[in-house]
Amino acid sequence: LHAPPAFVAREAAGLAAFAEVMRADGWDRERIVALPDVDLPYWHGQRLALERLLRDEELRPGTRLLDVGANTCWASNAFAARGLEVIALDIAAVDLQGLATAEHWFAAHPGRHFERALGLMFDLPLADGVLDVVFCCEVLHHNDRTTLRRTFAEAFRVLKPGGRLLAVNETGRFPLAPNLRPGREVAEFAGYEHAFFAHEYARAARRAGFAIEFRDPAFHWFFRDEPWVLEPGIRLRRALKLSVANHARADPRLRRAYRGWLYAVRGGLQLAFTCRKP
């Protein structure tokens, strides 16, 4: 991590400060290696996003994957457990909020391993065309518009032909949910957080050379896999809503149209998309 920009240095220091807050709150090796299966709403969302990703995207053993913004290294561990060749990338090396957290995973799972790289997502310390997958979980919004374009360009550069950038739980901005103060909950830790419209992510991806496809959000009620059962005594309005939803979910065109409405206009959810390098 050579001469990082000032905002990166501040954010890395903020991660170190947040790690101390976690430690004071009782976070230790046992809690870390339980991730993402802990009883907290944030981690419930992460777990659902990973489950949906593994269902929708083929990730075979031997796939070479970069986990961007690895943080607690929970996703790096999950991918390594499935036989992928994983590199965890982050701007911080501290325990609990950086690459040193990997030591907890290694101790808990002898023989399991992933590499670690301290670096910037918009200036990746990797050679051209060496990766099959770039994985981004709730990290792309830690860019401004300029570095967002550079991040997509860097991902395109390090991916092999046919490689994929997989993004989940990405912060969005929407006409009906503008999200004018992203990251306000963690502002004291100098998080460099932004929010972008879906079309801004798409434009940056296409500008880099990717073909982009938006995927279903992981935990919106409409996109659940199981059908709703209309039980006796259910109110008429709710029964009609669930009947229409069951029908619409089964039609790929209606499902895609509703997802497009949510991502382009309504909002109130996080984005998921796949970018493919030709």
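Where is Arg 224 found? Arg 224 is in the loop between β6 (211-214) and α8 (236-250); helices (H or I, at least four residues) and strands (E, at least two) are DSSP runs, numbered from the N terminus. The structure is a predicted model, in which local features need pLDDT of at least 70, side-chain atom pairs count only at pLDDT 80 or more, and totals for chains, interfaces and linings use all residues. Residues are numbered from 1 along each chain as its sequence is written, and side-chain values use heavy atoms, with hydrogens and water left out.

Arg 224 counts as partly exposed because its relative accessibility is 44% (buried means under 20% relative accessible area, exposed over 50%, partly exposed in between; 1.4 Å probe, protein chains only).

The structure holds 17 salt bridges, each defined as a side-chain nitrogen of Lys or Arg within 4 Å of a carboxyl oxygen of Asp or Glu. Asp 95 forms a salt bridge with Arg 23, and the closest N and O atoms are 3.4 Å apart. Asp 95 lies in the loop between β2 and α5 (102-108) and Arg 23 in helix α1 (residues 6-24), so this pair ties together parts that are 72 residues apart in sequence. Asp 95 is partly exposed at 24% relative accessible area, and Arg 23 is partly exposed at 36%.

A salt bridge also joins the side chains of Glu 103 and Arg 116 (2.8 Å, N to O). Glu 103 is in helix α5 and Arg 116 in strand β3 (residues 115-118), 13 residues apart, and the pair links distant parts of the chain.

The side chains of Asp 132 and Lys 160 meet in another salt bridge (3.3 Å, N to O). Because Asp 132 lies in strand β4 (residues 131-137) and Lys 160 in strand β5, the pair ties together parts that are 28 residues apart in sequence. Asp 132 is partly exposed, with 22% relative accessibility, and Lys 160 is partly exposed, with a relative accessible area of 31%.

Asp 90, in strand β2 (residues 85-90), is buried yet has no salt bridge. Its nearest side chain of opposite charge is Arg 116, 11 Å away (Lys and Arg count as positive and Asp and Glu as negative; His and the chain ends are not counted).

Leu 165 has its place in strand β5 (residues 159-170) and counts as buried because its relative accessibility is 0%. Leu 165 and Phe 152 are 13 residues apart in sequence and 8.7 Å apart in space, C-alpha to C-alpha. Leaving aside neighbours within four places in sequence, Leu 165 is in contact with residues including Val 134, Cys 136, Phe 152 and Phe 210, where contact means heavy atoms within 4.5 Å.
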